[in-house]
Amino acid sequence: MPDLNCTYKPPPVKCNGFDPRAFRWALTMRLAVDEINQNSELLPNHTLGYEIFDSCAYPLTGQRAALAVLNGLNEEDSSTCSVSSPLLALIGESGSAQSIVVSRILQPFRIPMISYFSSCACFTDRKNYPTFFRVIPNDDYQVKAIAQLLVRFSWTWIGLIRGDHEYGRFAVRGLLRELQGTNVCVAYQEMIPLLYNSKRALEIMQVMQNSSAKVVVVFSAEGEMTPFLRDYMTQDITGIQWVASEAWITSSVFTGNNYYPYLGGTIGFGIRKGHIARLGDYLLTVTPQKYPNNILVQELWEALYGCNPFPQSASQLPPCSGKEELLGQHSAYTNTSSPRVAYNVYKAVYAVAHSLHNLLLCQPSSGPFENKSCAQNNNILPWQLQHYIQEVKFIIAGEEVNFDLKGDSVPYYDIINWQRGSSGNIDFVNVGLFDGTKPAGKELVIQEDKIMWAGQQSEVPVSVCSPSCVPGSRKAVRRGEPVCCFDCVLCDSGKTSNQTNSVECKLCPDDFWSNNERTACIPKRVEFLTYDSLGISLTVISAVGACLTMGILIVFFYHKNTAIVRVNNSELSFFILFALTLCFLCSLIFIGEPTFWSCMLRHTAFSITFSLCISCILGKTLVVLAAFTATRPGNNIMKWLGPKQQRAIIFSCTLFQVVICAAWLIDAPPFPSRNTKYERSKIILECSVGSSFAFWCVLGYIGLQACLCFLLAFLARKLPGNFNEAKFITFSMLIFCAVWLAFIPAYISSPGNYADAVESFAILASSFGLLFCLFAPKCYIILLKPEKNTKQYLLGKEKK
């Protein structure tokens with residue numbers, strides 16, 4: 001780069017190296033112009049002229065070339081710009097950075113410019129580039145295609161390398177925009193300097209080696225990539241899956257055998273392939289003998305053969321005849337099997353020719369300009385030609401060529417894969433296409449079975465920051481790191497994920513719960529007090545209690561005429577035994593699946609039977625108390641506690657409980673409910689009490705009866721007599737109250753089937769307590785001590 005300090009006249013810029021591929025593009029333009037001039041139907045009676053300038057793929061030289069072509073003078077000519085430009089249109093530039101400079105220079109003169117290789121998205125700005133057209137797709141389509149490719153193969157962790165120019169800058173910006181909202185993250189971004197620097201290149205390669213990203217997307221031109229890849233090979237770096245932009249994916253420079261171990265498997269989007277029938281033969285006609293004064297032909301020979309075909313030149317290379325035969329290794333120049341950029345050059349020239357042809361066919365009074373005028377054939381202005389370029393539409397080699405309002409052409413790419421050829425070199429294999437005219441999401445068509453990946457692998461390479469989260473887990477982003485770097489966290493209980501890399505776990509519906517793997521929602525396990533181990537135990541105990549009670553009832557009935565049965569009010573004893581039998585049996589109602597009827601029956605049956613039992617015991621307590629106090633002179637209390645009065649007490653006390661239960665069932669009856677709050681992984685079927693107030697009223701009434709019975713029995717516990725039943729009633733009520741006082745906290749803290757089991761156990765425990773305390777001593781005397789079963793013994797009058 002020359003030192004432009006404005007203190008001296010800068011020397012002419014000299015280009016370093018020679019690009020046979022770019023020279024082939026220039027010759028393609030010459031071929032197209034020759035064909036047009038020989039075509040009697042296109043531009044008849046007119047000859048298309050041209051002049052070719054070398055910009056050296058550098059903006060500064062491109063600027064000088066543009067000024068020179070505007071002046072119509074040689075670049076070395078020192079005369080002033082005194083002649084108006086003969087230029088109507090310009091074909092070029094190849095690079096976007098050069099095109100920006102040239103387009104801005106041409107803009108004041110309204111000279112149209114058709115580029116064959118400048119794909120920067122910046123040119124869609126019609127305000128800044130009103131005269132710019134191109135036959136290569138806009139990079140916005142390329143970055144969209146690359147983004148879809150990355151998503152298609154699940155490459156979520158990539159590296160980005162670009163050249164130091166507008167093309168690379170806009171392409172990277174566009175790709176980052178396209179990747180927003182996807183799972184793809186960029187591990188690093190590096191830039192190859194415009195003036196190549198090996199030290200900086202080695203730093204970039206060090207970043208590539210240290211990164212876990214194995215896919216690298218490159219937006220760079222062939223000229224920058226050539227020295228970079230040479231240094232890359234010297235570092236012996238492998239395992240990188242390259243994703244190339246159209247700027248170098250079809251470059252023949254990299255097809256040599258030595259490139260394959262490092263670049264094999266590269267995939268990218270290439271310009272649409274075309275067909276130019278005469279190009280191959282035409283290139284062979286360009287020889288030093290035919291063009292002895294063409295400096296570019298000399299440079300071509302020097303680049304291809306390393307010799308100088310012009311002895312009169314000052315070249316330091318050994319001389320040669322200039323008749324050397326073009327060989328296979330000269331594919332950078334001779335490869336015309338699938339012209340892409342050259343085909344774009346071909347289309348661009350024909351676009352100018354067709355536009356100029358349409359301009360010349362204009363009929364006065366029907367033209368597109370002011371007052372429907374046409375351009376003058378002998379004085380065509382560039383802006384007039386630009387109008388026709390904007391409107392041009394023609395078919396070449398079966399393809400329709402036209403431009404949209406932004407100067408862009410139809411977006412179409414071939415997907416190219418670099419595979420090993422038969423001779424060990426790199427072949428460009430077409431494995432799919434991107435058609436921008438198709439609906440969104442359907443543009444990309446890939447034949448995956450034809451792709452050979454880096455390292456000559458048939459399986460798609462993996463490039464992720466974190467391994468995929470399996471179904472049943474979710475991604476948890478690491479603090480301070482990109483979203484592609486995450487940890488896998490097992491879904492919480494009750495939540496599932498059935499896809500790989502789920503962002504969140506979905507909550508299962510109310511009646512479902514997650515399986516152990518957290519991959520599916522399964523119906524919740526339904527629990528209630530069943531006839532399993534616990535249910536069977538309670539059933540057996542209940543049956544034993546009922547049978548034992550019935551046995552005692554039979555014993556009492558058989559010995560109904562004995563003193564101990566008669567003295568202790570046999571009728572009340574039979575009532576108590578009947579009530580206790582019902583108490584034992586009502587515990588069975590709590591076992592089994594709750595239903596509407598069983599829920600209503602559970603608490604009401606239990607409360608009424610216990611109320612009946614306690615009412616009977618209360619009646620017996622009153623009788624005992626009255627019997628012992630009636631011996632006092634003038635006490636006539638027993639006439640108020642006869643059999644009818646006893647039955648009335650039992651009936652009225654039990655009736656009050658029946659009224660409470662009836663009101664309960666009418667107002668808010670118990671009902672079956674599904675409890676999912678206590679343990680969310682299961683459904684506990686239980687009976688909701690309906691009205692908590694009524695439930696506690698029922699229990700409270702039974703407790704009140706028991707307390708009253710306990711109090712009266714306690715007062716009569718020391719009355720005389722060998723068999724004072726008040727002592728046993730006191731002890732039975734004490735056990736009854738203790739059981740039910742312990743029941744309340746246990747019942748409240750136990751869910752579902754355990755609550756039912758607790759209540760059933762309380763019923764059985766209190767029933768057994770009453771049974772044994774009231775009837776065990778009597779059965780002992782009846783069955784084992786019959787000598788004590790006399791009235792005298794019971795009244796304490798037996799002889800000593």
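Here are some notes on the salt bridges and cavities in this structure.

1. Some housekeeping to start. This is a predicted model, where local features need pLDDT of at least 70 and side-chain atom pairs count only at pLDDT 80 or more, while totals for chains, interfaces and linings use all residues. Residues are numbered from 1 along each chain as its sequence is written, and side-chain values use heavy atoms, with hydrogens and water left out.

2. On charge pairing, the structure has 15 salt bridges (a side-chain nitrogen of Lys or Arg within 4 Å of a carboxyl oxygen of Asp or Glu). One of them joins D140 to R177, with 3.2 Å between the closest N and O atoms. This pair ties together distant parts of the chain: D140 sits in helix α4 (residues 139–152) and R177 in helix α5 (residues 166–179), 37 residues apart. Helices (H or I, at least four residues) and strands (E, at least two) are DSSP runs, numbered from the N terminus.

3. The cut-offs here are under 20% for buried and over 50% for exposed, with partly exposed in between (1.4 Å probe, protein chains only).

4. Have a look at R169 next. R169 makes a salt bridge with E166, where the closest N and O atoms are 2.3 Å apart, and another with D164 at 3.7 Å, N to O. Within helix α5, E166 and R169 are three residues apart, about one turn of the helix. As for accessibility, D164 is partly exposed at 25%, E166 at 23% and R169 at 27%.

5. Now the empty space. Rolling a probe the size of a water molecule over the atoms shows where empty space is left. Here a cavity is a set of points, on a 1 Å grid over the protein atoms alone, where a 1.4 Å probe fits but cannot get out; lining residues have an atom within 4 Å of a point. Grid points are joined across faces, edges and corners, and a volume is the space filled by probe spheres set on the points. By that rule there are two cavities of 30 Å³ or more.

6. The largest cavity holds about 120 Å³ of space. Its lining includes R21, R24, W25, N335, R340 and F428. Helices α1 (20–38) and α12 (341–360) are the elements that give two or more residues to this lining, and α1 has the largest share, with three residues. By type, the lining of the largest cavity has five nonpolar, four polar and three charged residues. Ala, Val, Leu, Ile, Met, Phe, Trp, Tyr, Cys and Pro count as nonpolar, Asp, Glu, Lys and Arg as charged, and the others, Gly among them, as polar.

7. The second largest cavity has about 100 Å³ of space. Of the 13 residues that line the second largest cavity, V135, K347, E399, S409 and V410 are the closest to its centre. Which element gives the most to this lining? That is β10, with four residues; α12 and β10 (399–402) each supply at least two. The residues lining the second largest cavity split into six nonpolar, three polar and four charged.

Methods:
1 Å grid on protein atoms, 1.4 Å probe; cavity = no way out; pocket = protein on both sides within 12 Å on 5 of 7 lines; lining within 4 Å.
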